[in-house]
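Visitor: Could you walk me through this structure, one question at a time?

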Amino acid sequence: MILSDSFHEEEENEAPVKAKRTKPDAGEEEEVVYHPVKLSRNDLYRPPTAEELNQLKEAESLFHCSLLKMQMGELLKEVALSERRKQQIDSFIQTVTKLLQTVPDSPEVEVSDLSWLSGTVKVPFLLLPKITKGKFHMAPPASIDLIGSYPLGTCTKPHVMVDLAVTIPADVLHPKDVVNQRYPRKRALYLAGLAQYLTSSSDIGTMRYSCLHGNRLRPVLLLTPPDKNSSSFTVRVHACPPPGFFKPSRFHPQRNNIRTEWYTGLQTSYSESSEPPTPHYNSSVLGDLLPRTHLQFLSAISSQCSAFADGVALLKVWLRQRELNQGTGCFNGFLASMLMAYLLTTHRISNTMTAYQLLRNSLNFLASTDLTVNGISLARDADSTPTLAEFHSAFQVVFVDPSGHLNMCADMTACTYMQLQHEASVSMQFWDNPTVDGFHSLLMTPKPMIRTSDHVFQLCELVKLQSSCKKLNLLSELMDHSGNYVHTALPFILSLLQRGLDQRIQLLTHSLSPDPEVRKIDKQTEFRQLWGLRSELRRFQDGAITEAVLWDGESMCQKRLVPKQIITHLLQLHADIPESCVRYVGHSFNPCFALQVPSTGEEKSLAVVQSYDDLSRKLWRLEGLPLSITAVQGAHPALRYTQVFPPKPLKMDYSFFDKEKTCRSLVPKEGKPCPAYITPITVICHMEGSGKWPHDRLAIRHIRAAFHIQLGELLRKHHKYTCRPCPTHLDVWKDGLAFRIQVAYHREPQVLRESVNPEGLLVVRDNEEAQALEMATIHKPLLTSTLHGLQQQHPCFGAVCRLAKRWLGAQLFSDDITEDSADLLVASLFLQPAPFTPPGSPQVGFLRFLHLLSSFDWKNNPLVVNLNNQLTAADYTEIKNGFMASRESLPVMFIATPKDKKLSMWTRRAPNVQMLQRVMMVAAESLKVLEQQLMDGNQIQDVKVVMRPPLEVYDAVIHLNPKQVPLLSQAVDPPSVTFSRGVMTGSAAQSGGSLPVIDYNPVSLYLAELREAFGDLALFFCDPYGGTVIAVLWKPKAFSPVPFKTSQVSARSVKVTGDEANTVPNVEAILEDFQIMGKGLVKSVEARTEKWSF
């Protein structure tokens, strides 16, 4: 949970225990002096009391550790109301009560006559039909009572809502007002009268209408105090009938209280007994009769269980973090209190349980109980009340209150309850997992819809649902919801989509209640009715001939859009909602790496993997090598589906190059644009161990070079591949792709660590060269194969990695968060998704990646990535303890894996503290912008806005010549002018042909030269994916004057002050050097700041 500012209020400090008080002098204020408490030896070593033993046992048995217990306790203190806040609320309630008691009487008028209201005050009700019987007049309330969570003691921050029940005088109402919306209209008029009177009072701050939990039949008046506390709490005024004014039997779910003839204005043949029932209308009116009774019931329960208020508070926090307490038909705080009361009254939980146990048992009950099938009731005497079966016939979710007449979940849809059940089930799964931070995932992590759901659809023009109600023949339901066509059509549209999406979705895997009309229908006919003309007979490979629907989708990104096709088709066919009214938010990021619409490049990754598999098989089968091959491993991001732009098979245009005959190579002609960049796909080829391997590092390199030569000759002889051997690797041109094979000997890193000292003793010392070789030949291949397996489990893993790395590159962070580090960060989202489930679409995975980057506490916690589920609870403890013990010497971003528990090899060199802070800040802003843009239907969707870096923060910008940027087409905003890069359209040959220049990128080579020459003066940043600018940031320490030395005058100018000669960087000359070093590549150098002038 991200605590808002309203949490961190100034609480009243409790005075510490007074150890000793000195006697004050006369005429002086009493002064308290504190001394340390001295305990005797007996007190220090006395055995623990029974209460202390119980607390220790509870911490051991109920919590993973005592820390979780303390975290729960601190959270409860954080959300509880302070005494100062309570005093403010009580004072404002007294003021409002006095004002309401002086409401003046008004003359009696017809209900439809609104002339007594001023023009500025509106009636919070949809007055359709306009005419209804009845008289109305204003009068002071019969009584004013506090109801809801505040008097019960379960009111929590940050959104403090205090409920005030204002009783409408009995002479304003009539016993038959339940019919034809008379009571709801009088209720709304009474609220309007109160609002008109309170408008003139200076004791009221802001005043507005709202609906109780989205129910338009139950408007409320929201009041805030006028002073600086106006945003700290809100008073919600409810207008209620006198207790017992209406008979509860009038609100049976099978009874009708809205006549069809009155509602439609047309004469009908319905008798009162044959009118369609109005259960939702009945429950809305009945809900106003019972708030005081509910408060009495909950108060009695709370008095029996000391932890009741804390348990409800924890459950409300859990609901709020998952947005389950928002909107129409939500599971609000009142239902949370009633659920806990039900568990206590049915003895499913004990009165002696702690708040932790109450929360746990409540979630366990929600996860295991389906209230859409088996409703529950708090009523003790069920003889004179409706049965659960009667409630189920009228409502999708059933939870009956203590009176036995009201279904408290009347407005809740089955989908909402299934979401609640799903969240409870997910929470229970990770609660007991010692490898997961249960407290943070359960109560501190927000789960907004856009980061939880893989596909999000929005209906833009809700007025279209009117025609949906007409097509679905929902007149009776529309009457029941008093003309609210959104609430009327919603359950039917959800049912329709559930049937259409069926097993494609995970959250709604329940069967909806059957229709009242029972009829036999065969499955084929039902299938054709559901899909219309899209349904057709098809024969499958197993010989079966069945009805089927074929959806368009050749590439992976198109296949992900099949749910969109299903939803738009069903809504158009059955609900008359055109596709133009459906806003889909699931494919917004596709343009970020789509070079060829409508593909996002995932098929290219598959082609690369298939070509590599073929090469691997051929290497295994080679004969004639002195030593056999023991392993062939890929060590490139493309082989784990995480390369941002996967290598594309290329067919070279020979007219673009000069041919170098001796080694059959293609050399670019002078004056031509830089040729297309060809990525070398690294393949590690391990040779078997043998006593013939030398123990000298130089001799080992020579042996490896000989293996490269022989491998190239064998591949050329048997498979006609064009090969170029080098001392460090062998380049193979195959299927239009370049594979770079590196022969590895498993003992070579150990040999690099060994040296002989002058005394002739063998010394083993770790060094950078050995670490780099181990990383290239052992760790990277292992990581590649592991993440390849993760891609097989989660098909969108690679796409999320590519989005994340495209964002890092675009924001110029790719040198600080390396490719391997980014892949591990994304892997953690899939392996430890709590409190979510693993991402099911690239978009939701990318949003969670940004949230992880911006919110993870890198200073105090290691990020543990449990690859292949190899780490145990003991390993987690070992990693955490080792991290805390050596925190100062470890990288600022610490990522632990099963093979790297102590060092975080992937982030050892980068990022530093300043760059990590910058990454976190930009990630937080990007997440904020994206979530607003994706969820706000009125905003123009341009997600590329988070891919455009702010260049204002840099001191200088080097603009590059687009003609010499080989990856220009991969830029976030590629230019409209394109250059020929020596590549032809068409499929590449499988073997043979001349070898083009491999791994030639002038931008990266220029960047390396800049860092080598000026790395002590500045930092250099560039987007590796087609970036045409290099951003320069001066290092502040480099501009401090240093004493003159002849060995340190490079790029510096001398300033003589008296007898001292100091040197400072010569910025003008440095900028000129930038231009000279990049001749032909650099277009211009722009100085944006003058930091050097100080």
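Guide: Gladly, starting with a term: a crossing is left-handed if the near helix is turned anticlockwise from the far one by less than a right angle, and right-handed if clockwise. Helices (H or I, at least four residues) are DSSP runs, numbered from the N terminus. This is a predicted model, in which local features need pLDDT of at least 70, side-chain atom pairs count only at pLDDT 80 or more, and totals for chains, interfaces and linings use all residues. Residues are numbered from 1 along each chain as its sequence is written, and side-chain values use heavy atoms, leaving out hydrogens and water.

Visitor: Which handedness does the crossing of α27 and α29 have?

Guide: Helix α27 covers residues 797–810 and helix α29 covers residues 842–855; their axes (lines fitted to C-alpha atoms over the stretch in contact, with angles from 0 to 180 degrees between N-to-C directions) come within 8 Å and cross at roughly 50 degrees. The crossing of α27 and α29 is right-handed.

Visitor: Is N257 buried or exposed?

Guide: Buried means under 20% relative accessible area, exposed over 50%, and partly exposed in between (1.4 Å probe, protein chains only). N257 has 0% relative accessibility, so N257 counts as buried.

Visitor: And S482, buried or exposed?

Guide: S482 lies in the loop between α18 (475–480) and α19 (485–501). Its phi is near 55 degrees, a positive value in a residue other than glycine. With a relative accessible area of 8%, S482 is buried.

Visitor: What kind of peptide bond joins A834 and P835?

Guide: P835 is in the loop between α28 (819–831) and α29. Omega is about 5 degrees, and the bond joining A834 and P835 is cis.

Methods: Helices (H or I, at least four residues) and strands (E, at least two) are DSSP runs, numbered from the N terminus.
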